[in-house]
Amino acid sequence: MSIPHLISLLKQCNASKSLLQARVIHQKIVTLGLQTEITLCKNLINVYSSCRCHDSAELVFRRIGNPSDISLWNALLASYTKNHAYIEALQLFGSLLRYPSLKPDCFTYPSVLKACGGREWIRCGRSMHGHFVKSGYVFDVVISSSLVGLYAKCGYFDHAVQLFDEMSDRDVASWNTVISCYYQSGKYEKALDLFGRMKEFGFQPNSVTLTTAIAACARLLDIEKGKEIHSELTRTGFVLDDFMSSALVDMYGKCGCLEMAEDVFHQMPKKTVVAWNSLISAYGSTGDCNQCMKLLSRMILEGIRPTSTTISTILLACSRSGQLQPGAFLHGYILRNRIAPGIYNQMKAAGVNPDAMTFSSVLSACSQLAALEQGKAIHISVSDNGLESNEVVMGALLDMYAKCGAMNEALSVFLKLPIRDLVSWTSMITAYGSHGQAKDALELFDEMLQSSVKPDGPRYEHYSCLIDLLGRSGRLQEAYNVLETNAEIREDVELLSTLLSACCLHKEFELGERIGNVIVEKGSSDPSVYVALSNMYASSRKWKEVGRVRWRMKELGLRKSNPGCSWIEIDDRIAQFFMGDEWHEEADMVRECLAVLYDHMEKVERCGKHDFSILLL
């Protein structure tokens, strides 16, 4: 197979983003001994980059040994910046500078500037700007355009505009950046003026330009200019993308042209949440609460999950129209779906004063999301509003701190409670137990017994805890006997499943098989039960039984459970991570942080668990 043929195949993979096919071709390249051929390596890096697999792109680069072609460096730099791996891009650029024979070129610097902008490292960018002026690179349109983008990304709008004015040659990207600068600075007239000049200079606006221009018309309520842009797009046959369509819906809605907003909205083949929110906002601004609720129902039926913007917009419409019933419905929806504290922030920004019910609801959301920092901020608002004597609010506050693991804060709230009821005692004791402070939990339980509050009787939850505790400690037969001797829980599938998991953990396959079969006979639709049972049969080499269980799963249409999900609060936003998620935009950074943590943990393990000074090395 010739090199040109391999290159052609790689380009086809790049176009179709076929990662599996690319790996097969890569294997063929290695088999032929062509893994250091420059053109093939560049194409491999490009195809891995387009498939968002820059670990493989880096592997191709590293295998070359001593990459002496600047285009290889450029390809990997572009791969890093395309995948938001800005630190890796800047580190790679630092390595490049250690090779005197290799000179960065006009394809190198745009990637480096994008990385600086992504990290908002303005000092690094300005230093490079000075280098470009001295070396003459400032006259390169792509580099100058990238510099304009850097200044805009870092919030230096004046610098971006000044550099743009000094450019002898411009491209569409630089026009877009400066138009966006004016828009973000609130200078909407200037944004539209520059949009007009761009066309006068013979540049064809793209989707980004047009979306910004339409948004500027919406801010200015300039319906005539907005209609003019829309008419020109229709006349020239310009295909509207989701961003442009959403911007048009928003523009017509803000200008009060609800029929036009509806027309554009209904012509959208795929209606984004932004478009739904724009149309709901349009009706909300007129106080048409009923229409807002109808749109919300349609939105949910079509599988679009409402955002905090959706809910807060409709709540404001309900407030303006004085309609309590739709507002109460939304309140229930918020509680049932545990929608994020973002609504609370928007509510405050709109000037609506929160009450005890508001604080209780948003604290409950914070406890579910483990959003400790937001919970602390709400605690301050609770104090400012004089609600520290409200039992319901303080109970929600205690629950939030307890579930977030902030035990000192939880205890402080607990001690300040006006009345300590069974729920508050239980919350505090449970918190201690959940976070490994068994001694504190038992001491608090004794204190509770000495007070006027008495513990409640044995219920399902207590049996569940007992079976889980016995199961985890390996006392499996004892746990099974608890089930067998209590008629009300003997055949409870959930409790049996808990014990089944413990049998898997301790490799007690005989008891596990017996329990698993009982669960299956009861028609359980929990796929984890079938998977656990299949694995136990496999461990005992009972292949016929493995086949029977898997066939039963297939017959019932069961699949393995959804991946586990974790979330963490970062800079006032909740970031979600799913098990095995390779597509998260910050997955590489997460893996890098985990690697550092594992390294520290190993050092602590080697040096003694109390010697934390090693972490400073």
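Visitor: How many Å does helix α26 reach from its first C-alpha to its last?
Guide: In this predicted model, helix α26 runs over residues 422-434 and has 13 residues. At 1.5 Å a residue the expected reach is 18 Å, and the distance from the first C-alpha of α26 to the last is close to that, at 18 Å.

Visitor: Which helices do the buried residues of α26 pack against?
Guide: The buried residues of α26 are Ser424, Trp425, Ser427, Met428, Ile429, Ala431 and Tyr432. These buried residues of α26 pack against α24 (391-403), α25 (407-416) and α27 (438-450).

Visitor: Which residue with a positive phi follows α26?
Guide: The phi in question is near 80 degrees, and the residue that follows α26 with this positive value is Gly436.
The corresponding place just after α2 has a positive phi of about 75 degrees, taken by Gly33.

Visitor: What distance separates the end C-alpha atoms of helix α2?
Guide: Helix α2 comprises the 13 residues 19-31, which at 1.5 Å a residue should span 18 Å. The separation of its end C-alpha atoms agrees with this expectation, being 18 Å.

Visitor: Why are the buried residues of α2 on the same side, and what arc do they cover?
Guide: The buried residues of α2 are Ala22, Ile25, His26 and Ile29. They are placed on the same side of α2 because the arc they cover around the axis is only 105 degrees.

Visitor: Which residues are exposed on the other side of α2?
Guide: While the buried residues of α2 pack against α1 (3-16), α3 (38-50) and α4 (54-63), the other side of the helix carries exposed residues, namely Leu20, Gln27 and Thr31.

Key: Residues numbered from 1 in each chain as written. Predicted model: local features only at pLDDT ≥ 70, side-chain atom pairs only at ≥ 80, totals over all residues. Heavy atoms only, no water. Helix = DSSP H or I, 4+ residues; strand = E, 2+ residues; numbered from the N terminus. Expected span 1.5 Å × (residues − 1). Buried < 20%, exposed > 50% of the residue type's maximum accessible area, 1.4 Å probe, protein only. Arc of directions from axis to C-beta. Contact = heavy atoms within 4.5 Å.
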